[in-house]
Amino acid sequence: MPLSYYLILSAIMFLIGILGVLLRRNPLIMFMSLELMFNAANLAFVAFAAYHQALSGQLFVFFVMTVAAAEVAVGLALMVAIFRTRHTIDVDELSMLQG
Amino acid sequence: MNLSNNPLLWVTFLPLAGALLVALLPDARRSWIRWTAMAAALATFAASLWLLAGFDPSSGQMQMVIQVPWLRVAGISIDFALGVDGITLLMVLLTAFLVPLAMLSAWSGVRERVKGFMILFLLLETGLIGVFLALDLVLFYIFWEFTLVPMYFLIGLWGYSRRIYAALKFFIFTMFGSLLMLLAIIFMGLQAGTFNYTDLLAQRELFAGAQLWLFFAFALAFAIKVPMFPLHTWLPDAHVEAPTAGSVILAGIMLKMGAYGFLRYNLPLFPEATLRAAPWLAGLAVVGILYGAATAFAQKDAKRLVAYSSVSHLGFVMLGIFALTQQSVAGGVLQMVNHGLSTGALFLVVGMLYERRHTRDMAAYGGIWKVVPVLGALMLAVVLSSAALPGTNGFVGEFTILLGSFGAPALGTPWFAGLATVGVILAAVYLLHLYERLFLGPLTHEENRQMPDLNLREVLILVPILVMVFWIGLYPQPFLDLINPSVETLLQSVLPAAVAMH
Amino acid sequence: MGNGDISPLTAVLPELGLLALAAIILVLDLFWDRKARANLGWVTAGGLLLVAVLSVFMAQPPETPTLIWGGMLRLDGASFVFRMIFLAGAAITALMVSENQRLSAQGEFYALMLVSTLGMSLMASAADLVMLYLAIETTSIPLYILSGFLLRDQKSVEAGLKYLLYGAMTSAVMLYGFSLLYGFTGTTQIYDIAAGFSGQNGLPAVYPAAVIGAMLLVLVGFGFKVSAAPFHFWAPDVYEGAPTAVAGFLSTASKAAGFVVLMRVLSAAFSDQALVWSGVVAALSIGSMVVGNFLALAQKNIKRLLAYSSIAQAGYMLIGVAAAGAGGESLPYTATTYYLLAYLATNLAAFGVVAAVSRLTGSEQIADYRGLNQRAPGLSLALAVAVLSLGGIPPFAGFFGKVVVFASGIQAGLTWLVIIGILNAVVGLYYYLTVLRVVYQRAEEVEGETPLAIPAAWKTAAVLSAAGIVAIGVLFLPWYNLSMQAASSLLTFR
C-alpha cells in the first residue's frame, strides 16, 4: 500500500481525536480521544519509518506509548480524587475555578 | 581622575546615602529621623554650593565630566556619565535649595510614617539631581523614571481624599510619554552605536533621517511633564491631592525636568525638527499661557488655582525656549528657576493656610489679613513675585522672554510674544484675585478669628525663598552670567541648521 | 571556557545529581518522622545548590557545542545557562514550600519537583526529537501531579486535571508535528532537519507549505509551555488552583524551559522559514500581551492577576524570538534569555510573597492585601520590588529586560511590534500599581491587626529573590554575558 493511505488514515484519526477533546465534556471520553491523537501520530511514525527504511520512527512509537500510559494513569488518579468528593466528573460541572 | 573629589557624585548620591541611613533608624524615633533627613538634605545643598564654587562660569561646555563604563548591550556601551553646565547647575542648585525647605514644611504636617516619607523624599532628590546631571541617555532615562516611584508614593500615601486616582493618573500619563522616549533612545543608540550624549551630538547626522519622529517621541515625554496644553490634565489633580511638600517639589522641580529635557535633548539633537516644530510648540505655549490663566481665574480651590497658574507660567518658559534667540532662551532658563521659587512658595503658603483651617476653598477665608499679618505680608510678596511685578524675579524672567521672542526669526511674527503679554496681565488679575479673596475685605467667618499666625519654622521656610526672589529681581546679573555661555553653546549647535534650512 | 573535551558521563553529572537527590529525598521521607520531615525543603534547596556547584565545576560546556549520547543531547551554553535557571527556580520553590504544612511534610512533593527539574534540564539540552519529547513529558507529568497535589482541595485537583487535559492535548498536537517532521526529512536529529527540507539528504525536497504546517503544529506544543495566547487558557485556572509555590515554579522555570526549546528548534530546524515563524511568533506575542494585560485589569484574585501578568510577560519575551527570525543576530536571544533571568527572580519573589500571605491570612483576594505594609513590612517591600520590576521600572531587573528586548526588536526592524509592546507596558503598569496601592494603603483604614510571623525559610526565599531582582538589574553585565553565551550557542549550528 502506498504511504499516502496510512497518512490519510492517520490524519482522520487525528481529526476525530482533536474534535473529541474539544467537543466532549466527559474526561474519560476526552482521554480516549487523546489516545486517538497519540496513536494517529504513532501510525504516521511507523508508516514513515517503513518508507524511510529507518528504525528511529519505530523507536519513537515505543516511547510515546509508555508516556501516554503514564499520562492517563495520572489523569485517572486525579479523576478518582474528584469523583470521591463530587460524584461527578463532567468538566462543565468543575466550576470551582472561574475559567 | 579621582572620583571621590568630584562634587557631582556627592551631590547625586548624598541624598541616597541619607535615605539608607534613615532606613536604619527605628520607626518610633521621629525626631531622629527628621533631623537625619534634614542633615542629608542640607549636606546635599552644601555639596551643590561646592559644585558652584568649582564651576567655571565663563565656559558653556560640560564640566567636571565623569564617565565610567557601566553596561554593554549589543556591543554598545552604556556609561555612568555625569556632567554640568550653567543650565544644569542652576537646576541642581534649585533642587538642593528647595528640598530642605519642602522637608521643613512637612515637619509637623506629616505625623504618620515619617520614616517612609523622609526616605522617599531623599530618593526623589537623588532621582531629580540625576536627571539634570546625566550625560548618557539610558542613565538619564533611568533617573527620569526613577523619580516617578517616590512621587507616586508621596501623592498616593500622604495625599488628600482623591490621592489614589491622582497618583495613578500622574504615573500613567508620564509613563506613557516616557516609554515612547525610551523607544527613541534605543533607536538612536543602535543607529549611532553609543548612548553618550556628547558622542550622539557629534554624530547626529546618523539619525537625521528620522529626526521628526525622534523629536516627536522626546517632545511627547517632555511636554507631558512640563506640562504643555493640552497634555496638562494630570497636573491639577496631582497638585491638589499631593501633600504640600510634594506639590512644592512637583511644581518647583519636576515640571522643570520637562523644560530641561527640551533644552538639553530636543534642541541640539534634532535641530531641523526643532526649527520646524518651533512655531507649533510656541503656539501651544501661548495657548497654555492664556488657557491656564483663564482657568486659574475660574477656580474656587486655592491650590487648584495655583496649579493652573503653573500651566500658564510654564507656557512662558516654553515660549522662551522655542523662540530660539539667545535672550529668550536665557530668559526661559531664568524663568524656570523663578517659577520654582515663586510657585513653590505659593504652594507652601496655601499649605500653611490648609494646616490652619483644613480647607482649600477660598470662600472659607476672606479678610484674614488682620488676624495673620505676618502670613499676609509674606504671601503678598510671593503673589507679587508670581505676578511678575518689577523688582521681583518674575518680572526679570518674563520680560527677558518677551523681549527675546518679539523679533525671534524662528517664530517669524511678533504675535506670539504679543499674545503672551496678555498672559502677564491675566496673571496679575487672577493672583491678586486670589489674594483679595483670602486676605482682604471683611472678616466673614468668625472661626477664622482664632487663626494662629506663622510660627518661627514657617517664617524660616519662606524667608530664604523671598531673599532669592528679590535677589534675582534686583540683581539678576550673576544668574544670567551662569546661564548665558551655556545657552550660547546650545544655540550654536542649533542655529547652523537654521542657516542650512533657509 | 571549560575544558576541551568532556566525557559523556561527566556531562550529565548534574542530571544524575538531580536523580540521586530525588532518591535521597524519598529515602529520608521514609525514615524521618513528621517533625524532621519539615526540614526536607532545606535539604532539597541545599542539594540543588550542590548540583549547581557540580554543574559549574564539572559540567561546563566545551568551547564548541558538542553532541553527546548518540546525538540525543547537545552540550552548549544554552543548556548550561538554562540548567542554572531551573536549579535556582527549584531551590527557591523548595524553600517556599518548606513551611507549608500541607505540602512540606511529604517527600514526594520535593521528589516530583526534582524530577520535573531534571526534565527541564534535558529539555534545554535535547538535540533529538525523541529526547525532546521525553524531556517535555518528564517535565510535565510531575507538574500535573504537583498542581493537583492537595487532594482534599477541590480547586487544586481540578487544576491538576485541567492542566493535564490541556497539556496532553497540545503535546499530542506537537507529537503529530514531530511525526511529520520525521516523515519529511527521515531524521529525528533537530540539527539535521533543516538540511532534510531542502532535499540535501537524498530525499525529495518538501513543499514549503507542508513544512510550515508541521511547524505550526509544533508551535502549539511550545506555545502551551510558554503560556502564550491563544494557548493560555489553562494558565489562570491552574495558577489559581495549584499550590501557590507550584504556580510560581510553573510560571518561571517551566516557562523558561519552553522558551529554550522554542528558540532552539525554531533556529535550528526552521532556519529557512525564519521570516514565517518570525511573523507567527510576533502574532503570538501581540496576542499574549493584549490578552494578558487587558484581562489582568479585571482580576480580583492575586494569583489570577499574576497568571494573566505572566501571559503578558511571555508576550514581551516573544518579541525577542520574533526579532531573531526577522534577522537580528545574537541580540534577540540574548535579550529573551536575560528577560527570563530577570523574570525568574521577579516572579518567584511575587509568588513567594503571595504564598506566604495566603498561608498566613488564608486569603488570595487583592482586597485583603490592604495594609499588608503594617503587618509584614519586609514581605511588602519584596512584593513592591517585584511588582515594580514586573512593571519595568528602573533600577530593577525587569526594566533592563524590557530595554534589551525592545532594543532587539528595533534592531531587527520590528519597531511596530515594539510600539505595541510599549503601549501594553503602560496598561500593565496600571494593574501592577493597583496591587502596590492596596499593599501600602494607609494606617487608619486597617483595623488593628497583628503583625504576621514569617518563618525563616520564607524570609530566605523572599530575600534571595528580591536581592536577585536588584542584582540582575544593577549589576547588569555578568548576567547579560551569561545570556549572550546561551544565545550565541543557540545560533551555532555545527
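1. In this predicted model, the place to begin is the meeting of two chains, where 26 residues of chain C are in contact with 24 residues of chain B. On the side of chain C that touches chain B, at least two residues each are supplied by helix 19 (397–411), helix 20 (415–439) and helix 22 (476–490) of chain C. Helix 20 of chain C provides the largest share of that side, with 9 residues. By residue class, the side of chain C that touches chain B divides into 23 nonpolar, 1 polar and 2 charged residues.

2. Chain A and chain B, by comparison, do not touch, and their nearest C-alpha atoms lie 29 Å apart.

3. Turning to chain B as a whole, the chain holds 19 helices and 2 strands, and its C-alpha trace spans about 70 × 55 × 40 Å along the principal axes. The radius of gyration of chain B is 22 Å, which agrees with the value near 23 Å that a compact globule of 502 residues would have.

4. Two further figures describe the interior of chain B and the way its sequence is brought together. Buried residues account for 61% of the 502 residues in chain B. Among the contacts in chain B between residues at least 6 apart in sequence, 80% join residues that are at least 24 apart.

5. Helix 10 (residues 234–241) of chain B packs with helix 13 (residues 302–323) of chain B at an angle of about 140 degrees, and the axes of the two helices are 9 Å apart. Because an angle is counted as roughly antiparallel if it is over 145 degrees, and as roughly perpendicular from 65 to 115, the arrangement of helix 10 of chain B relative to helix 13 of chain B is oblique. Helix 10 of chain B passes helix 13 of chain B in a right-handed crossing.

6. Which residues make this helix contact in chain B? From helix 10 of chain B come B:Leu235, B:Pro236, B:His239 and B:Val240, and these meet B:Lys303, B:Arg304, B:Ala307, B:Tyr308, B:Ser310 and B:Val311 in helix 13 of chain B. The residues of this contact between helix 10 and helix 13 of chain B divide into 6 nonpolar, 2 polar and 2 charged.

Notes: Residues are numbered from 1 along each chain as its sequence is written. Chains are lettered from A and ligands numbered from 1 in the order in which they are written. This is a predicted model: local features need pLDDT of at least 70, side-chain atom pairs count only at pLDDT 80 or more; totals for chains, interfaces and linings use all residues. Axes are lines fitted to C-alpha atoms, for helices over the stretch in contact, and angles run from 0 to 180 degrees between N-to-C directions. Helices (H or I, at least four residues) and strands (E, at least two) are DSSP runs, numbered from the N terminus. Angles under 35 degrees count as roughly parallel, over 145 as roughly antiparallel, 65 to 115 as roughly perpendicular and the rest as oblique. A crossing is left-handed if the near helix is turned anticlockwise from the far one by less than a right angle, and right-handed if clockwise. Two residues are in contact if their C-beta atoms, placed from the backbone, lie within 7 Å. Ala, Val, Leu, Ile, Met, Phe, Trp, Tyr, Cys and Pro count as nonpolar, Asp, Glu, Lys and Arg as charged, and the others, Gly among them, as polar. The radius of gyration is taken over C-alpha atoms; the globule rule is 2.2 Å times the number of residues to the power 0.38. A residue is buried if 20 or more other C-beta atoms lie within 10 Å of its own, exposed if 12 or fewer, and partly exposed in between; C-beta atoms are placed from the backbone.
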